[in-house]
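Take a moment with the model below. We will walk through a few of its parts in turn.

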Amino acid sequence: MKSKKIINFAIVMGKKHKKLIKNVLGLILIIFLYSVFFQAMYCWMIYKSPTLNGDWVSFVTSLPYNFIPFLIIAIVTIWSVRLTRKISVLWKKICLDLLIVSCTVVIVNMLFLAVTGLVIEWGGTVFNGIMIWMGIEFWAVSLQKQRALIRESLLLKENAAHKLQLLQSYVNPHFLFNSLDMLCSMIEVDEKEQSLEFIENLTAYYRGMLRRKNVMKVTVKDEFETVFCYLKIVSQHYGDSLKISVAGDRDTDMMIVPFSIQLLIENVLKHNIISAAVPMTVVINIKDGAITVTNLYHPKANDTGRGSGMGLKYLRSMYAANDKKIDINKCGNMFSVTIPAL
């Protein structure tokens with residue numbers, strides 16, 4: 001057991017060291033290329049040639065005089081950026097980084113003067129220090145923003161998964177108790193065949209629920225298998241007053257959020273009057289990578305229309321976690337919800 005942990009630790013450390021070496025080599029390459037570019041531009045301004053009057057040997061041998069100071073400034077800048085990354089106020093962070101880099105440029109120039117005795121172009125060295133600092137600063141800020149977006153996306157997905165578990169814990173017992181009440185009523189009036197069919201549908205429905213446990217997306221085909229079992233169960237209560245019409249390919253492998261269609265049908269049953277006098281037809285249209293559920297709106301007397309309810313809130317959060325958005329539309333007495341494919 002200990003040897004396995006040691007091996008896993010060694011693998012993780014090896015990956016970290018490999019990434020570190022890759023980043024260091026990348027930094028050295030970028031600074032080297034920048035040194036070549038700067039020296040070529042400097043020679044062009046002074047000698048009207050990208051080299052020292054065509055002397056490539058002198059050009060190459062003088063590269064370290066630019067490369068080494070630039071590399072030191074870049075390393076100090078990276079250290080400064082990492083040191084100040086916890087400062088929440090951006091302008092304070094930038095000012096502190098700029099102060100550290102400015103001091104570094106002065107120190108590097110003084111050391112360069114002491115070691116080589118060559119003339120220093122202060123304007124050029126300050127300009128390069130600022131350019132290196134700006135490049136690393138923008139890179140660090142963009143990287144920090146990217147990590148924040150990744151963390152936000154992970155939190156959205158974790159939140160959506162948590163809501164899925166809450167929804168399952170809420171729907172399963174609630175639906176089961178109502179189903180058992182209907183089954184008791186059928187048994188009391190001695191409807192043996194209907195009772196057996198009801199039990200088969202209820203079993204198939206819960207088998208489908210268990211199959212989709214902790215699943216973040218399902219195919220439309222799989223969703224409809226469970227939905228039809230659900231409709232056979234609720235039809236015992238509504239009878240011919242409730243009709244479901246499906247247009248489009250319901251056997252498609254298009255992916256959607258689990259319970260999407262069922263929740264939209266439940267939303268219709270919860271908020272509308274459904275009776276022999278006021279029948280309800282729900283139209284499910286599968287088209288152009290989306291599913292639209294439409295129904296006539298006959299609100300119950302105690303329905304205020306306020307709030308979207310647990311089902312629609314769940315769908316909003318689940319699709320938001322997948323960078324998608326559901327469309328809710330109410331026009332006159334028509335109500336529709338469109339869910340996109342994942």
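A nonpolar patch lies on the surface, formed by Val106, Met110, Trp122, Val126, Ile130, Met134 and Phe138. Together they have about 630 Å² of accessible area, computed by the Shrake-Rupley method with a 1.4 Å probe, with only the protein chains shown counting as cover for residues. Patch residues have over 30% relative accessible area and no salt bridge, and nonpolar side chains (Val, Leu, Ile, Met, Phe, Trp, Tyr) are joined within 5 Å, like charges within 9 Å. A salt bridge is a side-chain nitrogen of Lys or Arg within 4 Å of a carboxyl oxygen of Asp or Glu.

This is a predicted model: local features need pLDDT of at least 70, side-chain atom pairs need 80 or more, and totals for chains, interfaces and linings use all residues. Numbering starts from 1 along each chain as its sequence is written, and side-chain values use heavy atoms, without hydrogens and water.

Helices α4 (90–116) and α5 (122–188) each supply at least two patch residues. Helix α5 gives the most, with five. Helices (H or I, at least four residues) and strands (E, at least two) are DSSP runs, numbered from the N terminus.

Val126 sits in α5. Its relative accessible area is 36%, so Val126 counts as partly exposed. That class falls between buried (under 20%) and exposed (over 50%), with a 1.4 Å probe and protein chains only.

Now α4. Its buried residues include Ile100, Val101 and Phe112. Just after α4, Gly117 takes a positive phi of about 75 degrees.

Finally, Lys217 lies in the loop between α6 (192–211) and β1 (218–219). The C-alpha atoms of Lys217 and Ile256 are 5.5 Å apart, though 39 residues separate them along the chain.
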